[in-house]
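Let's take a friendly walk through a protein model together. Have a look at the sequence and the 3D view, and then read on.

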Amino acid sequence: PDRVSGDARASLTLRRPALQDVPFEDISLQVRGEIQNAGLKAAVGELDMANGRVDVDLTEDRMILTGFGDLGTSPVQFTWRDRFEDDGAPADLSATAVITPDILNALGLIGRAFLTGEIPTELQGQVGADGLQKATFAFDLRDARIDLAEIGWIKPAGEAARATLTYT
C-alpha cells in the first residue's frame, strides 16, 4: 500500500439474480479501469517504477494488470495474471525491459566496467507473496559490447548473441 501510487479510474459491473439469498458463485463481478501516473517503490531491488499506466481487468476469479512504466531509466512493459481460488499459486508475470549500464549500476553491479550499449530483456516468471519465485530471463546481446577481458572474452557490439538465465 505505501509502495504503490497512482490516479485510478474504473467502471464496475455487478450482476446477480433478483433473489434474497444469492450464492457467491451466482454473482458476476467485473472491474475495468486504468491507473495513470502509476508507481511502485522498490519494484526491482532499490529501483522504483514510475510514470506508469496500468490497465486493470478484474473478475471474481482473476486479475490481469497490463501496462508500462519506467524502471529507473529503462522503459518496461508488463502483464501480471493472478487467478483467485488457486490454492495460493503464484501470479504469472511477463515483462520486457532494456538493461543498460545505468540500470546495472543502480542494482549494485558495476555495469560501466563491462557493458556498453543496451540489452533488450524478456522475463517470464511467477511471483508469490514473498516476491519472485522463479523466472526465465532472455537477453538479446546483439547491440551490446561486453568486455570480460579478465577471463579472456569480449563480445563486440553488432555480433549476434543471446543468453538465458533461469532463476529459482
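## Arg62: buried or exposed?

In this predicted model, Arg62 has a relative accessibility of 19%. Buried means under 20%, so Arg62 counts as buried. You can find Arg62 in strand β4.

What does the side chain of Arg62 reach? Follow it to the backbone oxygen of Asp57, at 3.1 Å. Leaving aside neighbours within four places in sequence, the contacts of Arg62 are Asp57, Asp82, Arg83 and Phe84.

## The largest nonpolar core

Now turn to the nonpolar residues. The largest nonpolar core has 15 residues. Which of them touch the most other members? They are Met49, Val54, Val76, Phe78, Leu93, Ala95 and Leu123. At least two residues of this core come from each of the strands β3 (47-59), β4 (62-71), β5 (74-83), β6 (91-99) and β8 (119-128). With 4 residues, β3 gives the most.

If you do not count residues up to four places away in sequence, Ala95 touches Val76, Gln77, Phe78, Thr121, Glu122 and Leu123. Another core lies apart from the largest one. This other core has 8 residues, including Ile99, Leu115, Leu141 and Ile146.

## An aromatic pair

How many aromatic pairs does a search of the whole structure find? The search finds 1. A pair of aromatic rings is described by the distance of the centres and the angle of the planes. Here the partners are Phe137 and Phe139, with 6.2 Å from centre to centre and 5° between the planes. Planes under 30 degrees apart count as stacked, so this pair is stacked.

Phe139 has a relative accessibility of 15%. That value is under the 20% limit for buried, so Phe139 counts as buried.

## Pro156 in its loop

For the last stop, look between two strands. Pro156 sits in the loop that lies between β11 (153-155) and β12 (162-167). Its relative accessible area is 36%.

Which residues does Pro156 contact, leaving aside neighbours within four places in sequence? They are Arg142, Ala144 and Arg145. Pro156 and Arg142 are 14 residues apart along the chain, and 8.4 Å separates their C-alpha atoms.

Technical notes: Residues are numbered from 1 along each chain as its sequence is written. This is a predicted model: local features need pLDDT of at least 70, side-chain atom pairs count only at pLDDT 80 or more; totals for chains, interfaces and linings use all residues. Side-chain values use heavy atoms; hydrogens and water are left out. A nonpolar core is a set of buried Ala, Val, Leu, Ile, Met, Phe, Trp, Tyr and Cys residues joined through side-chain atoms within 4.5 Å. Buried means under 20% relative accessible area, exposed over 50%, partly exposed in between (1.4 Å probe, protein chains only). Contact means heavy atoms within 4.5 Å. Rings of Phe, Tyr and Trp (its six-membered ring) pair if their centres lie within 6.5 Å; planes under 30 degrees apart count as stacked, over 60 as edge-to-face and the rest as tilted. A polar contact is a pair of N or O atoms within 3.5 Å; within protein, one must be able to donate a hydrogen and the other to accept it, and residues adjacent in sequence count only if both atoms are side-chain atoms.
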